[in-house]
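Please follow the chain through a few of its local features, beginning with a helix and what surrounds it. The sequence and the structure are shown here.

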Amino acid sequence: MLLIAIIGIALVLLEAAAIFKPADVTLRKTLKLTVRHSDGYDEKLRIRLKNGENRTYRLTPDTDAFIEQKGSRLYICTPDRSRLFPVIRYRLSDGMSVKVRRTKPIFAFTAMYVAAVLVFNSFGKPIIKGRVVDAFTSSAIPVLLTHENEELIDFAPYEGIHNYLIVGTDQRQSMQTPHADVIILLSFNENTNSVSYCSLLRDVYTEMRDRSTVTIDDLDPSLPNYQLLVNNVSSSQWMKAKLNYAVNLQYIDAGEHTPEERFAEGLNSLVNTVEYTFRIPIEGVISASWEEFITVVDSFGGVELDITEDMLISESEDGKPIGIKPVLESQNRLYGYDDHIEAAGLQKLNGNMSLAYVRLRYVAGGANSDIERTGRIRNFVYSFVTQKRTELFKLADSERISAVSKGIYSSLSEEQTEKLIDMVLTLPTPVDKGTLPYSFHDKRIDGVDYICVDGKNEPRMDVQARALLCTEQRSEQ
């Protein structure tokens, strides 16, 4: 509040000081002039200026005087070669003069703006933010995080760094085993006052713990068929699989669990696996399925994205379907939409079209790898955050937030949600840090392709994570 007041006062003082400073063309596109002729007639002129160019503008055929623009400064070329100052009349020749006029009130506009900002920040913003937080936390499906592997994490390098997982899943009705289709790590660094994000590659080959697996330690040796059971159970709950498989490690027991509870436990397993694999402390997780993704994007009025010509090619040389059109058509059939993308270029996409953009994997002329797809996903994240983060409070209506939050899974408390909103709104533009891991090799195991890190030819997973998240910058992938 004090900072905003100081900035407001400074703006008022700067407005007043502008009377005594040369006109700066970077602040206005059109310069208004009043030329008084020798017969007393006042002629009003408008000169359209072009920023950053050195140009001359003739005032009137009745005099040789002209305006000369040099970068961001204007000069009126009279015998004394004056600089242009607002509200000062300059004599040209033969009784003619010119006066530079301001195009807006000096104090009133800034004073009203500052007053509005102060009132909003004092009363409106906390109330609206409170509604957003309350409605979101009460509507989202809760996820309980157990952080089973935090004793393996070195927290010292991550002091002042807050990490969150944003998970997009292909979960649909009647689907029993959804996968983590998108895993974005969002990182807020209080030490450098920065925010970054990267893609966790879903094909990473890693260890994960399946607590539903019965092991030898769970068996009672006094059982009459103990030896037979020993021969048919696993010796360990640990297994190896792709990172995105972790969401499938849900409850498999005699207890009754709703589908929502099962998937929430799967997200907890994913967080545990990420913390184990990369030794990164994760403070929270938010997950949305394809349908929730569409709803959220539509609630913000869509997002502008660039569609390339290659994305519109719908058939490869060998006749296989590629490009964004087949992806969008399949979604139209699934959800009953009738959306089409016909032209290339920057354009506003609704939720269904945006989903096709982030799901797109096969593009003409591309490597058609999951790495390329994660690049498009991060481009969407950047575009959405930069275009829409100031519109967060448009969701102030509780019913609207509840509708958007329905179906979204979240482990965040009210305090964590409020802190996350503050960081999104106040920190600078997020930095795309590529993929994690960023150094790896491909390996085929039992007919399945994996992304592997051996710690010899590439740095260990935890080393790569610290290099990516605990430093101020890293070049984009």
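In this predicted model, the buried residues of helix α12 are covered by a set of elements that includes strands β10 (161-169), β11 (180-189), β12 (194-200) and β19 (431-436), together with helix α4 (259-278). The residues of α12 (461-469) that count as buried are Met461, Asp462, Gln464, Ala465, Leu468 and Leu469. Viewed down the axis of α12, these buried residues fall within an arc of 160 degrees, and they therefore line one face of the helix.

Val285 counts as buried because its relative accessibility is 1%, where the cut-off for buried is under 20%. Leaving aside residues up to four places away in sequence, Val285 is in contact with Val143, Leu145, Leu165, Val167, Val271, Tyr409, Ser410 and Ser411. With Leu165, the C-alpha to C-alpha distance is 4.6 Å, although 120 residues separate Val285 from Leu165 in sequence.

Helix α5 (residues 290-299) packs against helix α8 (residues 351-359) at an angle of about 125 degrees, and the two axes are 8 Å apart. The helices α5 and α8 are therefore oblique to each other, and α5 passes α8 in a right-handed crossing. On the α5 side the contact is made by Trp290, Phe293, Ile294, Val297 and Asp298, which meet Gly351, Asn352, Ser354, Leu355, Val358 and Arg359 of α8. Sorted by type, the residues of this contact between α5 and α8 comprise 6 nonpolar, 3 polar and 2 charged.

The remaining features concern backbone geometry in loops. Leu436 and Pro437 are joined by a cis peptide bond, with omega about 0 degrees, and Pro437 is placed in the loop between β19 and β20 (441-445). In the loop between β20 and β21 (448-452) lies Asp446, which has a positive phi of about 50 degrees although it is not a glycine. Asp446 is exposed, because its relative accessible area is 78% and the cut-off for exposed is over 50%. His147, in the loop between β9 (141-142) and β10, also has a positive phi, near 50 degrees, in a residue other than glycine.

Note on methods: Residues are numbered from 1 along each chain as its sequence is written. This is a predicted model: local features need pLDDT of at least 70, side-chain atom pairs count only at pLDDT 80 or more; totals for chains, interfaces and linings use all residues. Side-chain values use heavy atoms; hydrogens and water are left out. Buried means under 20% relative accessible area, exposed over 50%, partly exposed in between (1.4 Å probe, protein chains only). Contact means heavy atoms within 4.5 Å. Helices (H or I, at least four residues) and strands (E, at least two) are DSSP runs, numbered from the N terminus. The arc is that of the directions from the helix axis to the C-beta atoms. Axes are lines fitted to C-alpha atoms, for helices over the stretch in contact, and angles run from 0 to 180 degrees between N-to-C directions. Angles under 35 degrees count as roughly parallel, over 145 as roughly antiparallel, 65 to 115 as roughly perpendicular and the rest as oblique. A crossing is left-handed if the near helix is turned anticlockwise from the far one by less than a right angle, and right-handed if clockwise. Ala, Val, Leu, Ile, Met, Phe, Trp, Tyr, Cys and Pro count as nonpolar, Asp, Glu, Lys and Arg as charged, and the others, Gly among them, as polar.
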